[in-house]
Amino acid sequence: MNTTMVGVMLATSLIIGLLGLIAFLWGLKNGQFDDEKKMMQGVLFDNEEDLRRAANNKPTKKDKK
């Protein structure tokens with residue numbers, strides 16, 4: 001009985017994993033993960049104060065020593 005349950009759980013997990021892999025590959029093929037403009041959209045919607053704050057927090061060569 002115990003061996004049967006392990007077999008069922010193993011088969012179920014393999015099927016679920018295979019379905020996840022198929023969904024991931026489908027997403028790659030259809031361009032679901034192509035987000036070339038994401039970084040540029042973030043820059044477009046930042047205001048000047050946020051950009052200045054980010055520039056001031058950026059480590060300089062002096063800080064790296």
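Residues are numbered from 1 along each chain as its sequence is written, and side-chain values use heavy atoms, with hydrogens and water left out. In this predicted model local features need pLDDT of at least 70 and side-chain atom pairs count only at pLDDT 80 or more, while totals for chains, interfaces and linings use all residues.

Trainee: In what order do the elements of the protein run from the N terminus on?
Mentor: Helices (H or I, at least four residues) and strands (E, at least two) are taken as DSSP runs, numbered from the N terminus. The protein has three helices and zero strands, and the order from the N terminus on is α-α-α.

Trainee: Which element of the protein has the highest mean pLDDT?
Mentor: pLDDT is the predictor's confidence in each residue, from 0 to 100, and the protein averages 81, with 72% of the residues scoring at least 70. Helix α2 (residues 38-45) has the lowest mean among the elements, 67, whereas the highest, 95, belongs to α1.

Trainee: How far apart are the end C-alpha atoms of α1?
Mentor: The expected span of a helix is 1.5 Å times one less than its number of residues. The 28 residues of α1 should therefore span 40 Å, and this agrees with the distance between the end C-alpha atoms, 41 Å.

Trainee: Is L25 buried, partly exposed or exposed?
Mentor: L25 is found in helix α1 (residues 2-29). Buried means under 20% relative accessible area and exposed over 50%, with partly exposed in between (1.4 Å probe, protein chains only). Because its relative accessibility is 47%, L25 counts as partly exposed.
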